[in-house]
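Please look over the sequence and the model before reading on.

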Amino acid sequence: MKKTSTQFLLAAFIALSASSLSAQAQAQAQTSAGMPPESGASSNSGATANEALTEGEIRKVDLEQAKLTIKHGEIKNLAMPGMTMVFRVKDAAQLATLKAGDKIRFRAERGNPGYVVTDLQVVAP
């Protein structure tokens, strides 16, 4: 029995929808497990630790609120263009050694609320 073109298109649509739902379910499972959705189960991405960091310059250090104002380049893991913005800091003890004008490399993640600097390295002058 031959399938009509409508039946073929319907079957193709269902197959693509199932594939898309499977990818969405995998991304949701990774997010629930604390992994960013763009990371795969394999760590063979070839990226080094420095490639995952964003370059920036500290504009302000707020010790009381454990926050940094950073002028930064594109933050790829957040799909965020370069700008100046305020970040909370995961390890507030790091703030004691930082000052406005310091060049840094950092990793930021979505937090609740806002964004959190989870890794920070001062670039030697």
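Which residue in S5 stands opposite Phe106? The residue is Leu120. The model in which this pair is found is a predicted one.

**Overall content**

**Strand pairing**

Strand S4, at residues 103-110, takes part in two pairings, listed below.

| Strand pair | Residue ranges | Sense | Bridges |
|---|---|---|---|
| S1 and S4 | residues 54-62 and residues 103-110 | antiparallel | four |
| S4 and S5 | residues 103-110 and residues 115-122 | antiparallel | seven |

In the pairing of S1 with S4, Gly56 stands opposite Ile104. In the pairing of S4 with S5, Phe106 faces Leu120 as its opposite residue.

S4 and S5 also form a hairpin, with four residues lying between the two strands. The turn of this hairpin includes Gly114, whose phi is positive, at about 75°.

**The chain as a whole**

Of the 125 residues in the chain, 21% are buried. The accessible surface of the chain amounts to about 8,900 Å². Carbon and sulfur atoms account for 57% of that surface.

Contacts can also be described by separation in sequence. Among contacts between residues at least 6 apart in sequence, 45% join residues at least 24 apart.

Key
Residues are numbered from 1 along each chain as its sequence is written. This is a predicted model: local features need pLDDT of at least 70, side-chain atom pairs count only at pLDDT 80 or more; totals for chains, interfaces and linings use all residues. Side-chain values use heavy atoms; hydrogens and water are left out. Two strands pair if DSSP finds at least two bridges between them. Buried means under 20% relative accessible area, exposed over 50%, partly exposed in between (1.4 Å probe, protein chains only). Contact means heavy atoms within 4.5 Å. Accessible areas come from the Shrake-Rupley method with a 1.4 Å probe; for residues, only the protein chains shown count as cover.
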